[in-house]
Amino acid sequence: MSVAKTFARYVVDQTTRLGGWIKRHQRVNLPRNGPVKVNLGCGLHVAPGWVNIDGSLNALVANSPKWIHSFAYRMSGAKEYYTRDNYQDTLRQNIFIHHDLIYGIPLADQSADFVYSSHFLEHLDRSVGRRLLEECLRVLKPGGVLRIAVPDLECGWELYKLGEKERMIHDFFFAEEMTGFGQHRYAYDYEMLHDALAQIGFANIQRAVFQEGATPDLKLLDNREDYTLFVEAYAPDDSCRSTVSHKVIAENGNLKI
Ligand SMILES: C[S@@+](CC[C@H](N)C(=O)[O-])C[C@H]1O[C@@H](n2cnc3c(N)ncnc32)[C@H](O)[C@@H]1O
């Protein structure tokens, strides 16, 4: 990457981080009609009717005029996967909330029916990831469904044993991605994710299959089958919620969508 591109990338990363920090206390009021479906760390992989939360430049500019989309398209790396029209349509036709999820989920307690997250949890440190899972339980209604997809550490280990060491390091750690949201900071196998969810208080935790499960729109949302671990879990009824103390975020702002 040229020096100019690296510098531009750095400025974009710092700007989106700063935007996330400024909005760290935001709370978003969700529409009350129909089930509330939330996609955490969505990237541009979204489905109609979902509330999509991400800390990236794409989410930051989603509600901006078209010319800003054009600028963001060039800066964000989206052009590697999307045409400009496709990119702009995705931003304009879906609900995006720009939020750095290291500060928790900007939604009220028990406000969501479904929380979905694909290839995002591994971008958080162990302790931050753990807090994020606690936040998922906080925002889910009793009986609500959480679905997590992450690179399966067990598959990484298999790759290593097959001698594909460089590929394992690249695909599982993105070690060379030193800035921004791209770097992986932790890894999970089924047992680790299951135990974390159970300790937090989730119920009926199960390994799930690609594009199958209790979560709606999986044909659109699940986008990587290879090397991916899919897990679904339920928020228990109020009567049997765990006594885990959830991190509560101060309610400073109300952004209406
Ligand atoms: C590998 S992409 C996955 C995108 C999409 N969910 C998918 O399945 O293709 C990881 C996403 O997590 C987002 N992300 C990483 N760290 C984040 C953070 N701290 N807060 C919010 N989003 C974050 C990135 O911006 C990126 O869009």
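How many nonpolar, polar and charged residues does the shell around the ligand have? The views below come from a predicted model, and the first one takes up that question.

**View 1. The shell around the ligand.** Sorted by class, this shell has five nonpolar, nine polar and two charged residues. That covers the 16 residues around the ligand, and the ones that come nearest are Gly 41, Gly 43, Gly 55, Ser 118 and Phe 181.

**View 2. The largest nonpolar core.** Here we look at a core of 57 residues, where Val 38 and Val 115 have the most contacts inside it. Strand S6, running over residues 140-151, gives the most to this core, with six residues. Zoom in on Val 38: leaving out residues up to four places away in sequence, Val 38 touches Trp 50, Val 51, Ile 53, Leu 107, Ala 112, Phe 114 and Val 115.

View 3. You'll find Phe 120 in the loop between strand S5 (112-118) and helix H5 (126-139). Phe 120 counts as buried because 23 other C-beta atoms lie within 10 Å, and the cut-off for buried is 20 or more. Skip the neighbours within four places in sequence, and Phe 120 is in contact with Leu 40 and Gly 41. Phe 120 and Gly 41 sit 79 residues apart in sequence, yet their C-alpha atoms are 5.3 Å apart in space.

**View 4. Gly 143 in strand S6.** This glycine is part of strand S6. Is Gly 143 buried or partly exposed? Gly 143 has 13 C-beta neighbours inside 10 Å, so it counts as partly exposed. Not counting residues up to four places away in sequence, Gly 143 touches Tyr 234, Ala 235 and Asp 237.

Methods:
Residues are numbered from 1 along each chain as its sequence is written. This is a predicted model: local features need pLDDT of at least 70, side-chain atom pairs count only at pLDDT 80 or more; totals for chains, interfaces and linings use all residues. A nonpolar core is a set of buried Ala, Val, Leu, Ile, Met, Phe, Trp, Tyr and Cys residues joined through C-beta atoms within 7 Å. A residue is buried if 20 or more other C-beta atoms lie within 10 Å of its own, exposed if 12 or fewer, and partly exposed in between; C-beta atoms are placed from the backbone. Helices (H or I, at least four residues) and strands (E, at least two) are DSSP runs, numbered from the N terminus. Two residues are in contact if their C-beta atoms, placed from the backbone, lie within 7 Å. A residue is near a molecule or strand if its C-beta atom, placed from the backbone, lies within 6 Å of it. Ala, Val, Leu, Ile, Met, Phe, Trp, Tyr, Cys and Pro count as nonpolar, Asp, Glu, Lys and Arg as charged, and the others, Gly among them, as polar.
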